Amino acid sequence: MKADTYNPDVLNCLANLSNDEVFTPPTLANQVLDLLPQELFTSPETTFLDPVSKSGVFLREIVKRLDRGLEPLIPDRKERIEHILRKQVFGIAITELTSHLSRRSVYCSKDASSEYSVCRFGTKSGNIMYRPLRHTWQNGKCQYCGASQDVYDRGDQAEQYAYQFIHTDNPNTLFNNMKFDVIIGNPPYQLSDGGNAASDAAMPIYNRFVMQALRLCPRFLTMIIPAKWMVGGRGLMMFRQQMMNDEHIKVMVDYENPFECFPGVHIDGGVCYFLWDKGHKGKTKYTFIPTSGKPITTNRPLCSDGSSIIIRDYRRQSIIDKVTTDTSFSDIVSARKPFGIGTDLFNCTDNYEDYNLHDKKFEKSIKIFGVKGKKGGAKRVVGWISRESVDKGTELIDKYKLYISKAYSSDAVNPPELILGCPDDICTETFLVIGPFESEEERNNCHSFTHTNFFKALLYWGRGTMQVSREVFRFVPLQDFSHPWTDEMLYKKYGLTDEEIAFIESMIRPME
């Protein structure tokens with residue numbers, strides 16, 4: 001073979017495919033395996049389980065390490081491989097297709113009982129099981145994973161995505177109560193709930209795999225999951241609290257830019273992987289890899305004083321401590337759907353006949369801001385609706401206010417331009433309301449505050465997903481809006497150091 005011949009690992013190629021179940025590149029799999037005590041790979045007694053096997057990359061790389069580590073104890077390679085595959089390495093595939101991929105990666109044959117398998121089992125599955133299951137529906141949702149019955153009750157011809165590892169009350173029975181030293185994997189991240197197509201509208205599922213793995217009481221647990229749970233994410237509050245208060249999390253590696261882990265696959269909010277160690281109790285070795293700049297490693301608790309989220313980049317902590325007050329900007333931000341009118345008003349007018357939507361002002365009408373068009377091509381528009389048709393947020397109608405988009409790219413530090421709201425105008429669910437203000441001057445002074453780098457940085461630190469809610473303003477302190485604000489005034493007010501100021505300024509990129 002020529003020295004310059006390109007011979008790619010097929011699992012690297014698979015990992016570059018965009019998919020709901022993201023395949024793990026071999027390089028990343030080995031970075032995760034490096035977190036484990038390496039003496040595990042020198043013992044013939046260590047047992048490993050990948051309960052979410054897709055390409056089989058974790059199991060394959062574990063076999064490689066055991067093959068090297070056990071050579072002094074079991075010199076005969078055939079005997080050594082036979083022992084490893086029968087006694088030490090186990091998996092649960094997530095679909096029938098990935099069961100074939102996994103067995104091909106580990107046994108060199110999708111049929112573990114065939115003559116082509118490097119270890120010939122008595123069954124086709126060997127130690128990498130797959131059993132098709134159906135969801136257990138209860139009030140339109142699966143009682144195990146929360147999947148929507150409307151979306152996933154597909155009959156016998158389509159994949160159900162009822163993952164075996166979490167569709168059981170007792171995971172110990174999956175391998176006849178076998179105890180595993182290491183549980184490792186990259187679980188599926190989400191399931192569609194049949195609603196909005198945005199990723200934040202889907203139901204997170206990776207948290208269920210983490211919690212189920214802990215029920216098996218392993219010595220070590222390590223998984224690759226989206227990082228959005230640290231700051232927000234739908235239905236992840238309890239999971240976040242459990243993780244933040246778990247002193248067994250020994251290592252956390254957090255990538256702000258998901259492409260560094262999964263080239264070509266966008267994962268909103270970044271990606272992280274962790275090592276949970278039953279024998280560890282104390283601080284976490286936390287490494288944050290920013291999109292630009294060098295990795296930052298600290299030894300610290302995941303739970304910071306006074307914060308309900310994880311401060312991912314620890315350089316932010318001193319600034320947050322200085323600006324935290326009893327009054328937060330979130331106090332003047334509305335809940336979602338401030339006037340009770342959905343985002344689709346301008347696209348699905350027939351569904352909102354009671355509002356009498358027009359493109360021109362008419363008697364007893366008020367202006368309404370919204371968007372028209374499909375995702376990726378939607379544009380801001382205005383119309384006029386009947387004032388008497390609005391029965392929510394009526395106290396805001398005659399006030400000055402600001403409108404901010406309720407969703408935009410999670411990696412955007414600059415929010416979309418805010419809309420200057422006036423008396424006699426409202427908005428659809430596309431926006432949140434900031435205010436109200438008693439005068440145009442107060443509104444404009446608040447608007448000047450939202451243009452500061454100080455405000456943009458603190459808002460960005462409170463976000464972990466595309467969605468904007470009042471909670472993401474948690475770190476932004478409320479100001480006196482009797483006068484305008486500049487960064488210089490704010491830096492002086494909160495006593496920020498030159499280093500802290502430089503850090504904020506370095507974050508703000510030209511307007512996206």
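1. The largest cavity is lined by F23, T24, D50, V52, S53, K54, S55, G56, V57, F58, G185 and N186. A cavity is found on a 1 Å grid over the protein atoms alone, as a set of points where a 1.4 Å probe fits but cannot get out, and lining residues have an atom within 4 Å of a point. The elements giving two or more residues to this lining are β1 (48-53) and α3 (57-69). Strand β1 supplies the largest share, three residues. Helices (H or I, at least four residues) and strands (E, at least two) are DSSP runs numbered from the N terminus.

2. The largest cavity has a volume of about 70 Å³. Three cavities of 30 Å³ or more are counted. For these values, grid points are joined across faces, edges and corners, and a volume is the space filled by probe spheres set on the points.

3. A word on the source. This is a predicted model, in which local features need pLDDT of at least 70, side-chain atom pairs count only at pLDDT 80 or more, and totals for chains, interfaces and linings use all residues. Residues are numbered from 1 along each chain as its sequence is written, and side-chain values use heavy atoms, with hydrogens and water left out.

4. The protein has 14 helices and 19 strands. Its C-alpha atoms fill a box of roughly 85 × 55 × 50 Å, taken along the principal axes. Of its 512 residues, 55% are buried; buried means under 20% relative accessible area, exposed over 50%, and partly exposed in between, with a 1.4 Å probe and protein chains only. Among contacts (heavy atoms within 4.5 Å) between residues at least 6 apart in sequence, 69% join residues at least 24 apart.

5. The largest nonpolar core has 128 residues, and W229, F262, F274, F329, I434 and W461 touch the most other members. Helix α12 (residues 453-461) gives the largest share of this core, seven residues. A nonpolar core is a set of buried Ala, Val, Leu, Ile, Met, Phe, Trp, Tyr and Cys residues joined through side-chain atoms within 4.5 Å. Apart from its neighbours within four places in sequence, W461 contacts V231, I309, R316, I319, I320, F475, F503, I504 and M507. A second, separate core has 20 residues, including F339, L345, I366 and C427.

6. Next, an open sheet. Its three strands stand in the order β17-β16-β19, with antiparallel pairing. Two strands pair if DSSP finds at least two bridges between them. The edge strands, each pairing on one side only, are β17 (419-421) and β19 (431-437). Neighbouring strands of this sheet are turned by 25° against each other on average, direction ignored. Between β16 (residues 400-405) and β17 there are three bridges, and K401 has G421 in β17 as its bridge partner. Helix α11 (residues 440-450) packs on the sheet, touching β16, β17 and β19, and its direction makes about 30° with that of β16. Axes here are lines fitted to C-alpha atoms, for helices over the stretch in contact, and angles run from 0 to 180 degrees between N-to-C directions.

7. Strand β12 (residues 284-289) is mostly covered, with five of its six residues buried. Strand β10 (residues 249-255) pairs with β12 in the parallel sense over five bridges, and Y255 has I289 in β12 as its bridge partner. Five bridges also join β12 to β13 (residues 296-300), and these two run antiparallel. T284 is bridged to R300 in β13. Strands β12 and β13 form a hairpin with six residues between them, and G293 in the turn has a positive phi of about 110°.

8. T298 lies in β13. Leaving aside neighbours within four places in sequence, T298 contacts T284, K285, Y286 and Y314. From T298 to F288 the C-alpha distance is 8.6 Å, and the two are ten residues apart in sequence.

9. Two further helices deserve a comment. Six of the eight residues of α2 (residues 26-33) are buried, so this helix is largely enclosed by the rest of the structure. The buried residues are P26, L28, A29, N30, V32 and L33. In helix α5 (residues 96-107) there is R103, which counts as buried because its relative accessibility is 6%. Beyond its neighbours within four places in sequence, R103 contacts C108, S109, K110, K124, S125, I128, M129 and Y130. R103 and N127 are 24 residues apart in sequence, and their C-alpha atoms are 8.9 Å apart in space.

Note on methods. 1 Å grid on protein atoms, 1.4 Å probe; cavity = no way out; pocket = protein on both sides within 12 Å on 5 of 7 lines; lining within 4 Å.
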